[in-house]
Amino acid sequence: MQIFNAIWTVLHVPVINVPGFVGETGMPVGLSLVTGRFRDRHLFKVAREVGAVFEKEGGFHSNIL
């Protein structure tokens, strides 16, 4: 996933990957969320909510506590 985040790192903006669905091979399929500079906390809040929806509806269950 690092290659997908490279552009955001170069631009110095926060990015987070949220797994949400399970593909045909059992691997997680997700979404990269990006926001403006210095909006890290907001991104974490949004990612938490998106992750909760994905976990409820998408079939992917996180092992992270």
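At 17% relative accessibility, Thr35 counts as buried, where buried means under 20% relative accessible area, exposed means over 50%, and partly exposed covers what lies in between (1.4 Å probe, protein chains only). Thr35 belongs to the loop between E2 and H2, and, when residues up to four places away in sequence are not counted, Thr35 touches Val13, Pro14, His42 and Leu43, a contact being defined as heavy atoms within 4.5 Å. The model described here is a predicted one, in which local features need pLDDT of at least 70 and side-chain atom pairs count only at pLDDT 80 or more, whereas totals for chains, interfaces and linings use all residues. Residues are numbered from 1 along each chain as its sequence is written, and side-chain values use heavy atoms, with hydrogens and water left out.

The protein contains two helices and two strands, and from the N terminus on these elements run α-β-β-α. Helices (H or I, at least four residues) and strands (E, at least two) are taken as DSSP runs and numbered from the N terminus. Of the 65 residues of the protein, 18% count as buried. The protein exposes about 5400 Å², of which carbon and sulfur atoms supply 62%; accessible areas come from the Shrake-Rupley method with a 1.4 Å probe, and for residues only the protein chains shown count as cover. Among contacts between residues at least 6 apart in sequence, 40% join residues at least 24 apart.

Strand E1 (residues 15-22) and strand E2 (residues 28-34) run antiparallel and are joined by seven bridges, two strands being treated as paired if DSSP finds at least two bridges between them. Within this pairing, Leu33 of E2 is the bridge partner of Ile16. The hairpin of E1 and E2 has five residues between the strands, and in this hairpin Gly26 takes a positive phi near 90°. Met27 also lies in the loop between E1 and E2, where, at 54% relative accessibility, Met27 counts as exposed. Leaving aside residues up to four places away in sequence, Met27 touches Phe21 and Val22.

The largest nonpolar core is made up of five residues, namely Val18, Leu33, Leu43, Ala47 and Phe54. Helix H2 (residues 40-57) gives the most to this core, with three residues. A nonpolar core is here a set of buried Ala, Val, Leu, Ile, Met, Phe, Trp, Tyr and Cys residues joined through side-chain atoms within 4.5 Å. Phe54, one of the core residues, has a relative accessibility of 14% and therefore counts as buried.

A search of the whole structure finds one aromatic pair. The rings of Phe21 and Phe54 have their centres 5.0 Å apart and their planes at 55°, so this pair is tilted. Because Phe21 lies in strand E1 and Phe54 in helix H2, the pair ties together parts that are 33 residues apart in sequence. Rings of Phe, Tyr and Trp (its six-membered ring) are counted as a pair if their centres lie within 6.5 Å, and planes under 30 degrees apart count as stacked, those over 60 as edge-to-face and the rest as tilted. In contrast to the buried Phe54, Phe21 is partly exposed, with a relative accessible area of 39%.

Asn5 is found in helix H1 (residues 2-10). With a relative accessible area of 15%, Asn5 is buried, and, apart from residues up to four places away in sequence, Asn5 touches Val15, Asn17 and Ser32.

His12, placed in the loop between H1 and E1, has a positive phi of about 60° although it is not a glycine, and at 56% relative accessibility His12 counts as exposed. Phe38, found in the loop between E2 and H2, likewise has a positive phi, of about 65°, although it is not a glycine.
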